[in-house]
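Okay, thanks everyone, let me get the model up on the screen.

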Amino acid sequence: MTRAPAVRFPSARRAAELKAFLEDPANFDTLAMVFNRSSRFGRLQGVKCAIAGRNLYMRFSCSTGDAMGMNMVSKGVQNVLDYLQADFPDMDVISISGNFCSDKKSAAVNWIDGRGKSVVCEAVIKEEVVKKVLKTNVQALVELNVIKNLAGSAVAGALGGFNAHASNIVAAIFIATGQDPAQNVESSQCITMLEAINDGKDLHISVTMPSIEVGTVGGGTQLASQSACLDLLGVKGANRESPGSNARLLATVVAGAVLAGELSLISAQAAGHLVKSHMKYNRSSKDMSKTLAEETDKPKKC
């Protein structure tokens with residue numbers, strides 16, 4: 001997980017001096033010792049800095065065990081800020097979060113460097129399944145993915161949105177398992193790739209998701225229904241033998257479900273079934289205004 005405070009100095013030169021200090025490998029062990037002292041599981045992994053004028057943005061990244069880790073990383077960052085104040089007394093802390101994190105926003109830094117868990121999920125779909133189950137063919141699926149998910153998203157100026165509907169799946173799982181629904185924004189960043197393999201007969205599909213932000217302890221994971229869902233998935237609570245394993249497994253569940261959703265929707269669009277399916281299964285043939293009127297006219301029982 002990452003947190004990036006924003007600080008300001010009297011000059012850009014002073015901001016650059018702190019940037020050099022933080023990014024010097026010789027200082028990492030000291031920074032890690034200060035950062036790690038507030039948590040049993042939070043362990044500093046690195047610091048990446050960016051300067052804008054005399055403002056410095058410091059992106060701290062750390063492991064967080066099975067927690068999503070926002071509070072954990074924030075405490076560690078506060079420790080480091082307090083420590084730095086001694087050697088950089090002219091440092092003015094503007095905010096513990098300077099949006100270089102970047103939390104609950106679609107941002108290139110998450111797409112490139114990752115945030116939370118970075119997952120790649122892949123599958124090979126045999127030609128027979130593509131034809132009999134998905135009602136289409138490999139070439140049509142590959143072509144649709146290129147024109148829609150890759151080229152179409154580029155035309156739209158998408159940032160991490162090179163997919164059919166990853167956010168539908170992520171939002172559903174986040175709500176069901178007690179995650180932060182607002183983090184669906186960056187957690188749904190995904191590129192879907194389809195290729196013809198085995199002499200064009202079979203389909204290779206993959207989803208690459210660099211910033212899935214999930215945890216199996218803390219927050220909404222403690223609610224009864226959400227806790228039960230995590231238990232069904234076999235990832236409830238903290239993994240005592242291998243801290244972080246449950247959260248990582250949950251992230252792979254998310255990516256696997258996204259892959260299945262991508263394959264389903266892309267196939268429906270390639271086969272021309274999307275609107276037909278909606279009309280058949282998602283639209284009532286009843287006149288709901290008449291039904292409502294009939295219910296209103298019925299005598300009420302006390």
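So, which strands does helix H6 lie across? Helix H6, residues 138–155, lies across E7, strand E8 (190–197) and E9, and it runs at about 150° to E8. That angle is between N-to-C directions on a scale from 0 to 180 degrees, using lines fitted to C-alpha atoms, for helices over the stretch in contact. Contact here is heavy atoms within 4.5 Å. The helices (H or I, at least four residues) and strands (E, at least two) are DSSP runs, numbered from the N terminus.

Quick housekeeping before I go on. This is a predicted model, with local features needing pLDDT of at least 70 and side-chain atom pairs counting only at pLDDT 80 or more, while totals for chains, interfaces and linings use all residues. Residues are numbered from 1 along each chain as its sequence is written, and side-chain values use heavy atoms, with hydrogens and water left out.

Back to the sheet. It's open, with four strands in the order E6-E9-E8-E7 and mixed pairing. At the edges you've got E6 (117–125) and E7 (161–162), each with a single partner strand, so one side of each has no neighbour in the sheet. Pairing needs at least two bridges found by DSSP between the strands. E6 and E9 (residues 202–212) run antiparallel and are joined by eight bridges; if you want one to look at, Glu122 has Ser206 in E9 as its bridge partner.

Now, the packing. The largest nonpolar core has 34 residues, and those touching the most other members are Ile125, Val130, Leu194, Leu203, Met209, Ile212 and Val258. By core I mean buried Ala, Val, Leu, Ile, Met, Phe, Trp, Tyr and Cys residues joined through side-chain atoms within 4.5 Å. Buried is under 20% relative accessible area, exposed is over 50%, and partly exposed is in between, with a 1.4 Å probe and protein chains only. E6, H6, helix H7 (166–177), E8, E9 and helix H10 (245–271) each supply at least two residues of this core, and H10 gives the most, with nine. There's also a second, separate core of 26 residues, including Met1, Leu18, Leu22 and Met91.

Leaving out residues up to four places away in sequence, Leu194 touches Leu141, Val142, Asn145, Leu203, His204, Ile205 and Ile266.

Stepping back, the protein chain has twelve helices and nine strands. Its radius of gyration is 24 Å, well over the 19 Å from the globule rule for 302 residues, so the chain is more spread out than a compact globule. That radius is taken over C-alpha atoms, and the rule is 2.2 Å times the number of residues to the power 0.38. Of the 302 residues, 43% count as buried.

Most residues other than glycine have a negative phi, and most peptide bonds are trans. Here, a cis peptide bond joins Cys101 and Ser102, with omega about 0°. Ser102 is in the loop between strand E5 (92–95) and helix H4 (108–113), and Lys104 is found in the loop between E5 and H4 too. Lys104 isn't a glycine, but has a positive phi of about 60°. Asn198, in the loop between E8 and E9, also isn't a glycine and has a positive phi of about 55°. At 43% relative accessibility, Asn198 counts as partly exposed.

That's me done, happy to take questions.
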